[in-house]
Amino acid sequence: MITDPGVNEYINSLSADLPEYLDRLEVYAEEHHVPIIRKEAQNLLCFLIREKKPSNILEIGTAIGFSAQLMASVSDAHVTTIEKVEMRLKEARKNIAQSPVGDRITLVEGDALKVLEDFKGPFDFVFLDAAKGQYLNFLPHIMRLMEKGALLVTDNVLQEGSLAGSKFAVERRDRTIHMRMREFLYHITHTDELDTVILPVGDGMALSRKL
Ligand code: SAH
Ligand code: MG
C-alpha cells in the first residue's frame, strides 16, 4: 500500500456496494490470489468511465474478468479485453458467459503484443493492466488505436511505492521491471502526444489523455 493503510481503509469504507456478481468475484479473487484492481482504484476507474462515457473500451489484462465487467457495468460501452494465460481464460470465459453485462464484453485470447497488431480500433478508453515490464512495448499499439481525446488508465505503475525508492533496495528481477516502468512513466509524462498525471491511488495509477 502506498498511502497510509488507515486512510485507505477509511476511504474504502465509504465506497458504494458492488453488484452481487462482482462482489462474489472480488471475494473469489482474494481467495485465489488473483491480482484484480483494488477498491480505491476501482472507484477512480468507475468515476472516469462515468465522466467520459466511452463507447469502445480496450482492456489489456483480463485475469478472471472482474474489471471488464466492472467497466461494462458503469457504462453502455463495448469492452474488448485481452488475456493470454489459459488458467485465467478458463475462469474469464465462464464469468463473462454468466454475466449480466457479458453481451457487451469480447474476450480476446492470446498475447496482447501479438493480437493488438490486428486491431483496428478506434478506442476511446483503454485500461492497461497486464505484465508491468511490458507497458512500454504496448504503448505504440495503444497510441495507434486510441482516438483523439481518448483516456488511457494504467494500473500498478508505482509497484507498492518501491518504484520511487533506491534501485538497490529491490531484487534484481524487480529492478528490471522498475527500470522499464520508470521508462514508461518518463515517456508518457514527456511525450507531446499525451497529457498525463500519476496518482498514488491503489498500486499507483497513471491517467493519460491523447492530445
Ligand atoms: N484487469 C484485471 C486484472 C489483470 S491482472 C482486473 O482488475 O480484474 C493482469 C493479467 O494480465 C494477468 O491475468 C496476466 O495473465 C495478463 N497478461 C500479462 N501479460 C499479458 C499479455 N502480454 N497479453 C495478455 N495478457 C497478459
Ligand atoms: Mg492491476
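1. Start with strand β7, residues 205-210. Of its 6 residues, 5 are buried, so the strand is mostly covered. Keep in mind that this is a predicted model.

2. Which strands pair with β7? One is β5, residues 146-155, which runs antiparallel to β7 over 5 bridges. Here aspartate 155 has methionine 205 of β7 as its bridge partner.

3. The other pairing to check is with β6, residues 194-199. It is antiparallel too, and 6 bridges join β6 to β7. Look for leucine 194: it stands opposite lysine 210 in β7.

4. Now follow the chain from β6 into β7. The two strands form a hairpin, with 5 residues between them. Glycine 202 sits in the turn and has a positive phi of about 60 degrees.

5. Go back to aspartate 155. It is one of the protein donors of the magnesium ion (ligand 2). Along the chain their spacing reads D-x25-D-N.

6. Are aspartate 155 and asparagine 156 buried or exposed? Both are buried.

7. Val7, Tyr10, Ile11 and Leu14 make a nonpolar patch of about 410 Å². Valine 7 belongs to helix α1, residues 5-13.

Key:
Residues numbered from 1 in each chain as written. Chains lettered and ligands numbered in written order. Predicted model: local features only at pLDDT ≥ 70, side-chain atom pairs only at ≥ 80, totals over all residues. Heavy atoms only, no water. Buried < 20%, exposed > 50% of the residue type's maximum accessible area, 1.4 Å probe, protein only. Helix = DSSP H or I, 4+ residues; strand = E, 2+ residues; numbered from the N terminus. Pairing = 2+ DSSP bridges. Patch = residues over 30% accessible without salt bridge, like charges linked within 9 Å, V, L, I, M, F, W, Y side chains within 5 Å. Areas by Shrake-Rupley, 256 points an atom, 1.4 Å probe, with all protein chains shown as cover. Salt bridge = Lys/Arg side-chain N within 4 Å of Asp/Glu carboxyl O. Donors = N, O, S within 2.8 Å, 3.2 Å for Na, K, Ca; no water.
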